Amino acid sequence: MMKEDHFSRYSRQIFIEEIGLEGQKKIKASKVLVIGAGGLGSPVIQYLAAAGIGTLGVADFDLVELHNLNRQIIHTENRVGLSKVKSTETFVKELNHQVKLIGIEEKINDGNAEELLSQYDIIVDGSDNFSTRYLVNDTCVKLKKTLIYGSILGFSGQVSVFNHKGSKNLRDLFPDPPFDEDIPDCDSLGVLGALPGIIGSMMALQTLKIITDLPVSLNQLTLVDTLDWRFQTIDF
């Protein structure tokens, strides 16, 4: 695209005094890894790509299934059965061809976590199990990477920024992970599709604020109860 088209695409961000041209340059130069292209990852990917993130990594090893579509809004009916990474690549290319999308069709594990995460500035965790969340958290601590954390269930969600400029991390809040089989999940209890849209959008916004050097609350967990419409913050 021509330079004037680039300005036009991002003008509503550039017009914000706290972002401006310099902030947009920082967004374009940034490298963000999103773990999971599901309920949380979908809105994160959508809004980071729309904002003009320079390099966007997406790690997921699942296939698109029909029951995903109530909340995983970057996937479509005609991509059911396709890998979520391939589906994401199609979505991002159609939304913003300027974004360099790096698809990672692998499960994050002890053997590859450090190598994969080391290539990015900020990690956004949209995974759906505690073993992955704690592995990602511990790897971010080791590599001194900022981690954007979110979780959802039913009508409730959580958001936090971990390990940013020496701030606290997941283990400071919850020292040990529970057993995954003891924890209810969306497969068993369900989730209303708009909830991950809310929480994922909050995660994307925190990511963009960090990239553009805007202030974010640290050592704080935000609790969102959309059934009773209550927002609460817990310091830790």
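Modeller: A salt bridge here means a side-chain nitrogen of Lys or Arg within 4 Å of a carboxyl oxygen of Asp or Glu. The model is predicted.

Biologist: What is the N to O distance between the side chains of Arg171 and Asp138?

Modeller: Arg171 is in helix α7 and Asp138 in helix α6, 33 residues apart, and the pair links distant parts of the chain. The cut-off is 4 Å. The two side chains meet in a salt bridge, with an N to O distance of 2.8 Å.

Biologist: Is Asp138 buried, exposed or partly exposed?

Modeller: Buried requires under 20% relative accessible area, and exposed requires over 50%. Asp138 has 30% relative accessibility, so it counts as partly exposed.

Biologist: Which residue forms a salt bridge with Lys142?

Modeller: Lys142 lies in helix α6 and its partner in helix α5, so the pair ties together parts that are 28 residues apart in sequence. Lys142 counts as exposed because its relative accessibility is 58%. The closest N and O atoms are 2.9 Å apart, and the partner is Glu114.

Biologist: In which helix is Lys86, the salt-bridge partner of Glu105?

Modeller: Glu105 and Lys86 meet through their side chains at 3.8 Å, N to O. Glu105 is in the loop between β3 and α5, 19 residues from Lys86, which is in helix α4.

Biologist: How many salt bridges does the structure hold?

Modeller: Side chains of opposite charge can pair when their charged atoms come close. Under the 4 Å rule, the count of salt bridges is 5.

Biologist: Are the rings of Phe162 and Phe236 stacked or edge-to-face?

Modeller: The structure holds 4 aromatic pairs, this one included. Planes under 30 degrees apart count as stacked and those over 60 as edge-to-face. The ring centres of Phe162 and Phe236 are 6.1 Å apart and the planes are at 75°, so the pair is edge-to-face.

Biologist: How many residues apart in sequence are the parts that Phe162 and Phe236 tie together?

Modeller: Both residues are buried, and together with Tyr149 they form one aromatic cluster. Phe162 is in strand β6 and Phe236 in the segment after β8, so the separation in sequence is 74 residues.

Biologist: Is Trp229 buried or exposed?

Modeller: Its ring pairs with that of Phe231, with centres 5.5 Å apart and planes at 85°. Phe231 is partly exposed, at 48%. Trp229 has 55% relative accessibility, and the threshold is over 50%, so Trp229 counts as exposed.

Biologist: Over the ring of which residue does the charged end of Lys31 sit?

Modeller: The cut-off for a charge over a ring is 6 Å from the ring centre. The charged end of Lys31 is 5.9 Å from the centre of the ring of Tyr120.

Biologist: Which element gives the most to the largest nonpolar core?

Modeller: This core has 34 residues, among which Val32, Leu48 and Leu56 touch the most other members. Elements that each supply at least two residues include β1, α3 and β2. The most, 7 residues, come from α9.

Biologist: What accessible area do Phe7, Phe15 and Leu21 have together?

Modeller: Phe15 lies in the loop between α1 and α2, and it counts as exposed because its relative accessibility is 53%. With Phe7 and Leu21 it forms a nonpolar patch on the surface, whose accessible area is about 310 Å².

Terms used
Residues are numbered from 1 along each chain as its sequence is written. This is a predicted model: local features need pLDDT of at least 70, side-chain atom pairs count only at pLDDT 80 or more; totals for chains, interfaces and linings use all residues. Side-chain values use heavy atoms; hydrogens and water are left out. Rings of Phe, Tyr and Trp (its six-membered ring) pair if their centres lie within 6.5 Å; planes under 30 degrees apart count as stacked, over 60 as edge-to-face and the rest as tilted. Helices (H or I, at least four residues) and strands (E, at least two) are DSSP runs, numbered from the N terminus. Buried means under 20% relative accessible area, exposed over 50%, partly exposed in between (1.4 Å probe, protein chains only). A charge sits over a ring if NZ of Lys or CZ of Arg is within 6 Å of the ring centre and within 35 degrees of the ring normal. Patches are made of residues with over 30% relative accessible area and no salt bridge: like charges are joined within 9 Å, nonpolar side chains (Val, Leu, Ile, Met, Phe, Trp, Tyr) within 5 Å. Accessible areas come from the Shrake-Rupley method with a 1.4 Å probe; for residues, only the protein chains shown count as cover. A nonpolar core is a set of buried Ala, Val, Leu, Ile, Met, Phe, Trp, Tyr and Cys residues joined through side-chain atoms within 4.5 Å.
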